[in-house]
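Let's take a walk through a protein model together. Keep the structure open while you read.

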Amino acid sequence: MKQILVLGGGRIGSAIAKNLSVDHQVCLADLDVSHLDQLSQYCQLITANACDDQALATLVEPYDVVVGALPSILGFDRLRALIELKKQVVDISFFAEDALALNELARANGVTALVDFGLAPGLSNLFAGHFVDQYDQVESFACKVGGVPVERLKPFEYKAPFAPLDVIEEYTRPARMRRHGKDLVLPAMSEVESLYFKGIGHMEAFNTDGLRSLLQTVDIPTMAEKTVRYNGHAALIQQLIDGGFFKSEHRENTAKVLLEQWQFADNEPDLTVMEISASGSKKGQSQQQTYQLIDHYDHKNQVSSMARTTGYTCAAGVRLALKFALPQGVIPPELIGQNSTWFKHIIDELASHDISFTQS
């Protein structure tokens, strides 16, 4: 059994720690662990400040792998600190900075750092790499993904499975895309389109900045990433944006108000939807594939769907890093997806938790 440290005790960090505790010794560290008593039977809980460099160095010393499940504002800086401490890392922080900028630092320190290893970015990138591996040429790739509450309460018909500030970041960060071989930047929440999920109904998808490392690592001429919500959500959020509520000087106050509106109640069910599509050619034949994922709240274990799909993907990445000799450096999921054995390892582990895709 390896020793694993999870930094961050939110919904997703907690799900990662509990999942990994089945076959490893796990410690979860957070500024405040008083709300995590239910995890004490599965893992050790430590109160710690991961932003204190000296405290972090002492904290991580005995562990084989460190999982970064911190808020996006802390993610990049703490990833760099962990690499400098020569720790193997699997990170899910949705930070704005370019993780690949730390690639040479990771190599110099003999570190493998799996980054963006969640749902999207994460599983989406994994599939992009898989298509690159399977096709002779991938011409287009798109991911449309989102998590929503089952109960649709006005006005937002949305609740946040992670910090509202991170959601606001997703709604305001310009969306980088690629079309016909040219990179472009579009406003977040632009180009709203409709899509259908069986048993859920019609939903809407809008541009967000989820391609990230894919724009540097794969040769796909057309790529897009969109966030999925119930119909009408984008127009409502756009009104808040136009009204200035998401400006930097107002953002924290807005997040406090939205926290009241977007807070999931204890054991409140959610669901996650994802559609991944690709087109290209293989052996001279045109190829086109679409996969859909519909995942629901786990009532038996009281784990949210977003925590399952994000956290269990991360946990599978940890097990992958412990089982296989992965390259040193900063490794985004699409590079894992280009190895059929590694790809199958992740997909099979998710399927063991009833997280699986249907193909059309």
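## Before we start

This is a predicted model, where local features need pLDDT of at least 70, side-chain atom pairs count only at pLDDT 80 or more, and totals for chains, interfaces and linings use all residues. Residues are numbered from 1 along each chain as its sequence is written, and side-chain values use heavy atoms, with hydrogens and water left out.

## The sheet

Look for an open sheet of 7 parallel strands, in the order E3-E2-E1-E4-E5-E6-E15. Helices (H or I, at least four residues) and strands (E, at least two) are DSSP runs, numbered from the N terminus, and two strands pair if DSSP finds at least two bridges between them. At the edges stand E3 (44-47) and E15 (329-331); each has a single partner strand, so one side of each has no neighbour in the sheet. From one strand to the next, the twist averages 20 degrees.

Now zoom in on E4 (residues 65-68) and E5 (residues 88-91), which run parallel and are joined by 4 bridges. Val67, for instance, has Val90 in E5 as its bridge partner. Helix H1 (residues 11-20) packs on the sheet, where it touches E1 (3-7), E2 (25-30) and E4. Contact here means heavy atoms within 4.5 Å. The direction of H1 makes about 165 degrees with that of E2; axes are lines fitted to C-alpha atoms, for helices over the stretch in contact, and angles run from 0 to 180 degrees between N-to-C directions.

Arg78 is found in helix H3. Is Arg78 buried or exposed? With 5% relative accessibility, Arg78 counts as buried (buried is under 20% relative accessible area, exposed over 50%, partly exposed in between, with a 1.4 Å probe and protein chains only). Leaving out neighbours within four places in sequence, Arg78 is in contact with several residues, including Asp52, Asp53 and Leu70.

His250 sits in the loop between helix H8 (233-242) and H9. At 38% relative accessibility, His250 is partly exposed. Which residues does His250 touch, not counting those up to four places away in sequence? They are Gly244 and Phe245.
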